[in-house]
Every structure is written in C-alpha cells, then in structure tokens.
Amino acid sequence: MTAVKTKIKAIALALALALGMGVTALGVVAEEVKSLRPTAATEPDAPPAIYKVMEGAKHERAYRQQPPLVPHTTDKYEIDLKVNQCLRCHEWPYSDQEKAPKISDLHYIDRNGVRQDVVNGNRYFCKQCHVPQNDAKPLVTNKFQAATTNTNIR
C-alpha cells in the first residue's frame with residue numbers, strides 16, 4: 001500500500017510541476033525572450049561598421065605614455081612567432097631607408113634591464129599597443145580630455 005501512495009505522490013508532483021511550468025496539451029509554452037540589443041534575440045546582429053583608417057597624418061598623443069598611433073592600415077600585416085612585418089620598416093637600420101619612425105630603444109630592453117640586439121619578446125607583437133587611428137565615434141559617452149595643457153607630452 002505504501003508503494004501505491006508513493007507512486008500517487010510522484011504522479012501528483014509531476015503533474016503540479018508540469019502545470020506550473022506552462023505545459024499544455026499542445027506542448028510547452030515559453031515566454032518571449034527579451035533582448036537588450038536593438039534587434040530581437042532571435043535576429044542576427046548587424047555587422048559592425050567598418051571605419052576608414054586615417055592614413056598619412058601624424059596623430060597627437062592624448063597622454064604622456066601613450067604608444068604612438070599607426071598612420072596606416074595594418075590589417076594585412078603578418079605578426080607571429082616567426083614573422084613581424086612591422087620590423088621591415090621600423091627596425092634599425094631599415095627605418096632610415098624607409099623613412100619610417102625607428103622603434104624606441106626601450107623595445108630592445110628585457111624586463112631585467114638588459115639591452116638586446118633584437119626586439120624584446122615582450123614588445124614583439126606591435127599591434128597589442130600600437131593601433132591605427134580611425135574616425136570611429138566613442139562607444140560610450142565619456143568626459144576624457146587629452147592632456148594638452150602640458151607641452152612636454154610629445
């Protein structure tokens with residue numbers, strides 16, 4: 001008799017759960033998923049805008065230790081453990097031949113302060129700090145102002 005009561009309780013519990021979750025005779029009824037994006041959650045996102053790189057201009061720095069911005073596109077540059085195409089123009093002595101800015105001497109010093117003859121591995125992947133400048137609008141509103149009041153920024 002206790003086995004029958006246990007089965008009845010289990011069936012009643014399952015029925016109560018099914019009714020509580022919106023199960024109908026036709027199937028499961030789900031609420032509409034709401035999205036925080038401008039499009040519905042079931043719709044694909046629009047591709048991001050492609051911004052034109054501002055080529056040829058020397059870009060001012062916004063703060064003292066800002067890495068220089070790149071005045072040309074770099075999206076097709078290969079940079080991996082074996083090749084770094086940035087170095088073809090910016091490493092000494094090629095920088096004089098190519099009339100390109102030479103890499104800072106700091107890029108040749110390792111974390112222990114020892115000067116090396118090649119670009120240090122910590123500074124080898126240029127595009128992690130140096131990025132092309134483009135005409136993109138800020139993603140969020142902010143009150144950032146460049147530190148232009150100090151004339152020693154450059």
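The paragraphs below go through a predicted model, from its overall fold to two annotated sites and then to its side-chain pairs. Residues are numbered from 1 along each chain as its sequence is written, and side-chain values use heavy atoms, with hydrogens and water left out. Local features need pLDDT of at least 70 and side-chain atom pairs count only at pLDDT 80 or more, while totals for chains, interfaces and linings use all residues.

The protein has 3 helices and 2 strands, where helices (H or I, at least four residues) and strands (E, at least two) are DSSP runs numbered from the N terminus. Along the sequence these elements follow the pattern α-β-β-α-α. Of the 154 residues, 15% count as buried; buried means under 20% relative accessible area, exposed over 50%, and partly exposed in between, with a 1.4 Å probe and protein chains only. Contacts (heavy atoms within 4.5 Å) can also be sorted by sequence separation. Among those with a separation of 6 or more, 45% join residues 24 or more positions apart.

UniProt lists a "binding site", from an unreviewed entry, at His 72, Cys 86, Cys 89 and His 90. These residues are spread over 19 residues of sequence yet cluster in space, with a largest C-alpha distance of 13.1 Å. UniProt positions are given in the numbering used here, feature names are shortened, and annotations may be inferred rather than shown by experiment. His 72 sits in the loop between strand S2 (27-28) and helix H2 (87-90). At 22% relative accessibility His 72 is partly exposed. Apart from neighbours within four places in sequence, its contacts are Val 53, Glu 55, Tyr 77, His 90 and Pro 132; one of these, His 90, is itself on the UniProt list. Cys 89 belongs to helix H2 and is partly exposed, at 27% relative accessible area. Not counting residues up to four places away in sequence, Cys 89 touches Tyr 94, Ser 95, Glu 98 and Ala 100.

The unreviewed UniProt entry also places the feature "binding site" at His 107, Cys 126, Cys 129 and His 130. Here the sequence spread is 24 residues, and the positions again cluster, the largest C-alpha distance being 12.7 Å. Cys 126 lies in the segment after helix H3 (94-98) and counts as buried because its relative accessibility is 16%. With residues up to four places away set aside, Cys 126 touches Ile 79, Asn 84 and Cys 86. Beyond its neighbours within four places in sequence, His 130 contacts Pro 67, Pro 68, Val 70 and His 107. A polar atom of the His 130 side chain lies 2.9 Å from the backbone oxygen of Pro 68.

How many disulfides does the model contain? The count is 0, a disulfide being a pair of cysteine sulfur atoms within 2.5 Å. The sulfur of Cys 86 has its closest cysteine sulfur in Cys 126, but the 4.0 Å between them is too far for a bond. Cys 129 is in no disulfide either, the nearest cysteine sulfur being that of Cys 126 at 8.9 Å. Cys 86 is buried, at 9% relative accessibility, whereas Cys 129 is partly exposed, at 43%.

Val 119, also in the segment after H3, is buried at 10% relative accessibility. Excluding residues up to four places away in sequence, Val 119 touches Leu 87, Glu 91, Ile 103, His 107, Tyr 108 and Tyr 124. Its C-alpha is 9.8 Å from that of Ser 104, which is 15 residues away in sequence.

One of those contacts, Tyr 124, takes part in an aromatic pair. The model has 1 such pair: the rings of Tyr 124 and Phe 125 have centres 5.2 Å apart and planes at 90 degrees, so the pair is edge-to-face. Rings of Phe, Tyr and Trp (its six-membered ring) pair if their centres lie within 6.5 Å, and planes under 30 degrees apart count as stacked, over 60 as edge-to-face and the rest as tilted. Tyr 124 is buried, at 16%, while Phe 125 is partly exposed, at 33%.

The count of salt bridges is 1, under the rule that a side-chain nitrogen of Lys or Arg lies within 4 Å of a carboxyl oxygen of Asp or Glu. Lys 102 and Asp 105 form it, at 3.0 Å from N to O. Lys 102 is partly exposed, at 42% relative accessible area, and Asp 105 is partly exposed, at 44%.

Technical notes
A polar contact is a pair of N or O atoms within 3.5 Å; within protein, one must be able to donate a hydrogen and the other to accept it, and residues adjacent in sequence count only if both atoms are side-chain atoms.
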